[in-house]
Each structure stands twice: as C-alpha cells, then as structure tokens.
Amino acid sequence: MKKIALLFLILISMFCCFLGCNNADAEEITEEEGTIYTSRDIYIGSYECGYREEYEKIRYGTVIIETEEQLIFAEDCFSLGGSLQNLKENYSLEEYNYVLSYDETSSGIYDLEADRLKITEDRIYFMMSDDSVYADDGPQPQIMGGFFFEAAVPKEYFSGCNFVNAIYPNADDVTLYKEYAVNISYDLADESLYDVYGSNQYIIRSEEEYEAFLSMAEGIEFHERMSLRDYDIEFNEVGLLVVFFTRDEPYIFCRTEDVQINGNTITLQYELEQENPGNKTDVNTCQIQVRVPKEFLTEEEYEGWIIPQ
C-alpha cells in the first residue's frame, strides 16, 4: 500500500510539473494585458531607413492596412509605395493585414529591431528586441535618422479588434493628408487684435481672400517678431481655417480636436487648459490656423464661417 501511495504521489507531482511547464510556455506568448506575437506566428521585419520627412504623418504611430483601398491611399498619402513592396509581393491582403511603424531617431546612435508585436484589448504596437541600442541621457546629434518596422499578420488574429492607437488609412479623413496641419500662435498682439477679429470663424481659399483677411488688422501693433502673415501657403493646394482667442497667463495653452467636415458644416473645437500656475499678464491675442486640403473645401459657403472680402 505504501508503494502504491508513493507511486500515486509521484504521478501527481509529474502531472503538476507538466501543467506548470505548459503555463510557463503560454506566459511567453500571452500576458495579462495582451498577446505577444513573434516570428513563429507572424512575419515581422525591421530596417534602418534614415530620416524620412514624408513619413511625418505616421511618425511614432502604428498603421494598419486591411484592404486594397487602404493600401492605395497609404502608398499615395503617406508616401509608402517603396516601403510596402516586400509585403505586397509576399503577403496577400486577402489573408493578411499589414502593420507598419516609423520611429524617428538621432542618427548613428540608435540601432532598433522589432521582434514582437503586442496586441491588447484595444491597442497594438511593436516591441523592440533585447539587443536594440538606445541613446544615453544627454545631448543628441542634430543629424536625424529613422527605423521602419513592418509585419504581416493573419487576418484571424485581428478578428473583432479595433485599435484606438492605430492609424487606419482613410481617404475621407482630412487629418491624414500631408497638407493638413494645425498651427497655434500665442501672444501675437494685445487685446486690440481680438477686438478686430473677435470670436468669428474665418475660411480663406484664395490669395485675394487672404489679403482681405490681413488688411483687417491694419494699424494693429504686433509684439516683437510677431505677424499674422504666413508666407508659406499654397492656395492652389490648401485653404485656411482661422480662429482667434485670448489668454492672460503664460501657462494657458490651446488643445484642438481634429477638424470635421460634413457637407457645408465645418467643426473646429478647441479648449484652453492651464498647465502650471502663472502670474497674470495683460490680455494677449492668439490664433489657431488650420490648413485643409483644397479638395475638402468644395462648398461655396460654410455655415458659421466668414469669407473675408
């Protein structure tokens, strides 16, 4: 009986060890906060691509391409034609989704390699290998570089997923176009500038309208090195949306939401937030200027927006 009991205990111990090993293997792949895929599960690759100004829209982001329409848009709008060649030739979009990312770095210091792709309930991102090299703390070289990461993931791995941190190429999303830009200029002049333009919303689509807009501020004294005029505007490509606001503390900043365009309605929402305590100053006028691709501004008039004459 003792031998039988001892044998039973040995068998139980072996069984527990077996379960423990299986769980340990699973933890290498799955963690509490998400699932990690390696080259055993997906295709994943990295290469140094240098500084790429044309990738600015996707810098430090994660792009997901699931359809041919998204692929065509990404190649054109994000200038990804050459970078996608390997995925297009070897992984069909009928079976795989493409995942892409571009990290801008200092040149000659970093050496990055993505060897894992992590997926949580609502987020996705590349993870760097243990032997990736990062810069030490301190001054960095002014010469910029960059690394490109790519993955081809079986479509079933994304079933039911919608990643809030991902960029999904969409020709109807105005914010994804390279012409789209939001610029906020603080403390251009005193309150007299706001008295001229007020809380109105201005839409400008031609050089003539822009000159009319600028002429409204004739006689206003701007702060040193400040001006309303922007010399870097191509009105054959973009239109401007302009709104003014005021602040009387140095640590009040403006946070904007993405512009929404629907029919003859344009929505530009913003909020002023105080980041740190600050002493009161004189009231200063600030400006939000949004560049929008001209093809999105096709209506003759937009409700609530003024065309300078």
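Me: Where does threonine 38 lie?

Reply: Threonine 38 lies in the loop between β2 (34-37) and β3. Helices (H or I, at least four residues) and strands (E, at least two) are DSSP runs, numbered from the N terminus. The model is predicted: local features need pLDDT of at least 70 and side-chain atom pairs count only at pLDDT 80 or more, while totals for chains, interfaces and linings use all residues. Residues are numbered from 1 along each chain as its sequence is written, and side-chain values use heavy atoms, with hydrogens and water left out.

Me: Is threonine 38 buried or exposed?

Reply: Buried means under 20% relative accessible area, exposed over 50%, and partly exposed in between (1.4 Å probe, protein chains only). Threonine 38 has a relative accessible area of 14%, so this residue is buried.

Me: Which residues does threonine 38 touch?

Reply: A contact means heavy atoms within 4.5 Å. Leaving out residues up to four places away in sequence, threonine 38 touches Asp115 and Arg116.

Me: How many bridges join strand β6 to β7?

Reply: Two strands pair if DSSP finds at least two bridges between them. Here five bridges join strand β6 (residues 114-119) to β7, and the two run antiparallel. Alanine 114 has methionine 128, in β7, as its bridge partner. A hairpin of four residues links β6 to β7.

Me: Why is β7 largely enclosed by the rest of the structure?

Reply: Strand β7 (residues 124-128) has five residues and four of them are buried, so the strand is largely enclosed.

Me: In what order do the five strands of the open sheet come?

Reply: In a regular strand the side chains alternate between the two faces of the sheet. The order in this open sheet is β10-β17-β12-β11-β18, with mixed pairing. Its edge strands are β10 (181-190) and β18 (305-306), each of which pairs on one side only. Between β10 and strand β17 (residues 284-293) there are seven bridges, and these strands run antiparallel. Valine 182 stands opposite valine 290 in β17.

Me: Which strands does helix α5 lie across?

Reply: Axes are lines fitted to C-alpha atoms, for helices over the stretch in contact, and angles run from 0 to 180 degrees between N-to-C directions. Helix α5 (residues 207-215) lies across β11 (201-204), β12 (238-247) and β17, and runs at about 145° to β11.

Me: Which residues of helix α2 are buried?

Reply: An α-helix has 3.6 residues a turn, so residues three or four places apart point the same way. In helix α2 (residues 68-77) the buried residues are Gln70, Leu71, Phe73, Ala74 and Cys77. They pack against β4, α3 (85-90) and β5. After α2 comes serine 79, whose phi is positive, near 55°.

Me: Which residues have the most contacts inside the largest nonpolar core?

Reply: A nonpolar core is a set of buried Ala, Val, Leu, Ile, Met, Phe, Trp, Tyr and Cys residues joined through side-chain atoms within 4.5 Å. The largest one has 41 residues, and Ile65, Phe78 and Leu80 have the most contacts inside it. Two or more residues come from each of β4, α2, β5, β8 (144-154), β12 and β17. Another core, of 19 residues, lies apart from this one, and among its residues are Leu112, Ala114, Leu117 and Met128.

Me: How many salt bridges are there?

Reply: Side chains of opposite charge can pair when their charged atoms come close. A salt bridge is a side-chain nitrogen of Lys or Arg within 4 Å of a carboxyl oxygen of Asp or Glu. By this rule there are 12 salt bridges. One of them joins arginine 59 and glutamate 56 (3.8 Å, N to O). Arginine 59 also meets glutamate 104 (3.4 Å, N to O).

Me: Which parts does the pair of arginine 59 and glutamate 104 tie together?

Reply: Arginine 59 lies in the loop between β3 (43-48) and β4 (62-65), and glutamate 104 lies in strand β5 (residues 96-106), so the pair ties together parts that are 45 residues apart in sequence. Glutamate 104 counts as buried at 15% relative accessibility, while arginine 59 is partly exposed, with a relative accessible area of 33%. Glutamate 56 is also partly exposed, at 42%.
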